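Keep the sequence and the 3D view open as you read.

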Amino acid sequence: MEAVLNAKLYTRRLFNRRVVVFYLLLALTIFLMVVNLCVGSISYPIQEIFSALLNPSQAGDLSFIVWKIRLPRVLATVMGGAYLAASGLLLQVYFRNPIVGPFILGISSGATLLVSVVMLTSFGIRLTYVTPFLTTIAGCLGAYGVMILVVAIASKVRQGATLLIVGLMMGYLCGSATSILTALAEKEKIKGFVLWGMGSFSGFKWIEIWILLVLGGGLVLAIFLLAKPLNAFLLGEEYAASLGVNIRRFRLFILMAASALAGLVTSMAGPVAFIGLAVPHMARLSFGSSDNRVLVPGACLLGAVVTSLCDLIARMWLNPVELPISAITAFFGAPIVMGLLLKRGARM
Amino acid sequence: MTAPPLLELRNLTVGYRAPVVADLSLSFGRGQFVALLGANGSGKTTLLRTISRHIKPLSGEALINGQNVNDIKPSALAKILSVVLTDRSSVPMLRALEFVALGRHPHSDFLGRLKDRDLHMVESALEAVRATDLADRFVDELSDGERQKIVLARALAQEPTLMLLDEPTAHLDLKHRLEILAILRGLCHSRELSVLAAVHDVESASKIADLALTIKKGKLAGFGQPEAILTPSAVRELYDCPQANFDSALGGLEIATDGQAGRAFVLAGTDKGALIFRLLAKHGYALSAGFFRPSDLDAHVALALGAKILTLESLNNETSANSDRLKQLFDEALLELDRCDLLAVAKGISSGEPNFPVAADLSERLVLEAQKRNLPIIKLGEANDLSPLIEFLGRLKAERSSQAA
């Protein structure tokens, strides 16, 4: 009954299967990018869109729409989705908890609090003249302020669960402060703030795209290169230590990388819900593995695919009214995740 | 110069802030199965975690191959030492083969790519725990026993010379417990691997371990061959459990009774009595039993259960010197019988045991005496059929409860 095991053959077969999924996702990403570029509230023939894309110096409405509106949005959506997924994946591995997402440590609440300060109080009005990136800067300060606090606390506590609770409490704290500001704010300002709170990939400037690409890309590359110790973390901290991983250093890296990615996206696009929580699951299920060497690039691609799709729906469903992206991600994503999990016997 | 021992503890004191176990000094070499025994909370896990350098020693040092573990680089230590923890949380969506391959971490390259040699070690680890057929399964879908094998294989794939295991057989049923321990012992001897395993099960430890290490009240209680260390009194003391009687010959643990239900005399011998003794003890009877040769297994079980036993040394042939001794023994038996509330007779005892006529004769006479005293006498049938005794005890219980009502 003892079957002869050929580990080499077996791992190659697993690898090949995963490569196929990977290329499928890559093709899907590119396809959705093209669709998002071509579809919009004003429709143009595809050839014209491509010619505008290939000749950036061309004058005219179409060139403006492609280069200033659609292309930045397509790129921001792809990167935003990828980074949120990577961030969620990191934290799920670290906490060994499947219901953890990138915002579990209070990153989005911190961003929201500071954005509420500039959007809801008169404090922000004067600053608007100083910089057009006011909400972005506020979101960034909020997100990284919370991140620094959490990381500082993390170096003191040993237990992951404690840190999780600290992050949650931080979220509640910021949330209550935001509520107070909302209660005191003028009616007209509240709608804009609420919409910001549901996230959107519209209105990205090229400078933001470059920042996203360089900082986020660097972080994702670093995460991929550290997929091996990340795999050791699948077994838990103590096992990881017994395999020779420097736990203290690596824990800080995980928390900082995950928060930095989530903070980067949140400060520019607002808190985009659900992607960071759900995409790692979808990736695990579609690759049939928890191996982070597969999952880091895999979750990034899947994050890009899912977010692009959601952004397409958000823009086109009730065209010309544009829906907030968080509404779409959760509305379509939650049933998919439930379905996938139930199919696998709810074993996550 | 001889090579340093694989593991050496020098005046090692372990604990978190306050010492849990103090001043441990011992050493052992390769190819040893060392059972670490002690009651819950005695510091077994703390000791293991100190050796695996998860916590720092309070004083003293732990040396592996002559080097202080805290001076060895973590990545180098991981090639010598692997651990199996009590942690039972599982990893979702990971196949057993991939799980075992995680053990190659200290040996594989920067990106964790598996070379031929790594794959070979994974194969051989799965073979060693007899789990090659599980390779394709997801670890979170395995049963406890299967999972533990995979956990063990992962630790093996690390190619350690020393493995620390914290209760590797907890939660497992008898079959898997024995299988895991047998696998571990086999590996110790075939791979020159040493295992230091915290175990709860004194019985298996005494049978399987090459060395036993016992901790009691924050100190090393004993270290050496289990045959020398695990004496009945030492085991009773180790677990602070006066009722537990460890029989070193059988390697079995019996629970003595307080005799609240009364006392029963059992006529057994030639290995027929063990089940009868245990059944009566479980029902709260103190035991008197006879008539055995000292080498009889029944005598061991009865003693471990706290019974008063009557043994006949080498009294097989009737000489005049022996007849005095026989008379004395029978008088003793009568005294015991006077204290008893019932007499249970194992199959074949009263009808005469051909190779032990003296005992049969004594037994027959004792049955007659019991009849005179109007004691309930329960005669048992085929070897393991305890039903007459079970029925009797059941009836008695029912009577008592109706009286109480």
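Let's start at the interface: 39 residues of chain A are in contact with 45 residues of chain B, where contact means heavy atoms within 4.5 Å. This is a predicted model, in which local features need pLDDT of at least 70 and side-chain atom pairs count only at pLDDT 80 or more, while totals for chains, interfaces and linings use all residues. Residues are numbered from 1 along each chain as its sequence is written, chains are lettered from A and ligands numbered from 1 in the order in which they are written, and side-chain values use heavy atoms, with hydrogens and water left out.

**Where the chains meet**

Between them, chain A and chain B bury about 3800 Å², with 57% of that on carbon and sulfur atoms. Buried area here is the accessible area (1.4 Å probe) that two parts lose on being put together, summed over both. On chain A's side, A:L5, A:K228 and A:Y239 supply 19% of the area it buries against chain B, more than any other three residues.

The rule finds 4 salt bridges across this interface, a salt bridge being a side-chain nitrogen of Lys or Arg within 4 Å of a carboxyl oxygen of Asp or Glu. A:K8 and B:D116 meet in a salt bridge through their side chains, at 3.2 Å from N to O. There are also 15 residue pairs in polar contact between chain A and chain B, counting pairs with both residues at pLDDT 80 or more. A polar contact is a pair of N or O atoms within 3.5 Å; within protein, one must be able to donate a hydrogen and the other to accept it, and residues adjacent in sequence count only if both atoms are side-chain atoms.

Which elements of chain A give two or more residues to the side that touches chain B? They are α1 (7–38), α9 (206–225), α10 (227–233), α11 (237–242) and α13 (275–287). Helices (H or I, at least four residues) and strands (E, at least two) are DSSP runs, numbered from the N terminus. α1(A) gives the most, with 7 residues. The residues on chain A's side divide into 18 nonpolar, 8 polar and 13 charged; Ala, Val, Leu, Ile, Met, Phe, Trp, Tyr, Cys and Pro count as nonpolar, Asp, Glu, Lys and Arg as charged, and the others, Gly among them, as polar.

**A covered helix and a buried lysine**

α4(A) is mostly covered, with 11 of its 14 residues buried, among them A:I107, A:G110 and A:L120. Buried means under 20% relative accessible area, exposed over 50%, and partly exposed in between (1.4 Å probe, protein chains only).

Over in chain B, B:K149 sits in helix α5 (residues 144–157). B:K149 counts as buried because its relative accessibility is 11%. Its side chain makes a polar contact with that of B:E179 at 3.2 Å. Leaving aside neighbours within four places in sequence, B:K149 is in contact with B:V129, B:R130, B:A131, B:E179 and B:I180.

Over all chains, a search of the whole structure finds 31 salt bridges. Here are some of them.

| Side-chain pair | N to O distance |
|---|---|
| B:R113 and B:D109 | 3.1 Å |

B:K327 and B:D331 are separated by about one helical turn, because they are 4 residues apart in helix α12 (residues 320–339) of chain B.

Most residues other than glycine have a negative phi, and most peptide bonds are trans. The peptide bond from A:N319 to A:P320 is cis, with omega near 10 degrees, and A:P320 is in the loop between α14 (292–316) and α15 (325–343) of chain A. B:K217 has a positive phi near 50 degrees and counts as exposed at 71% relative accessibility.
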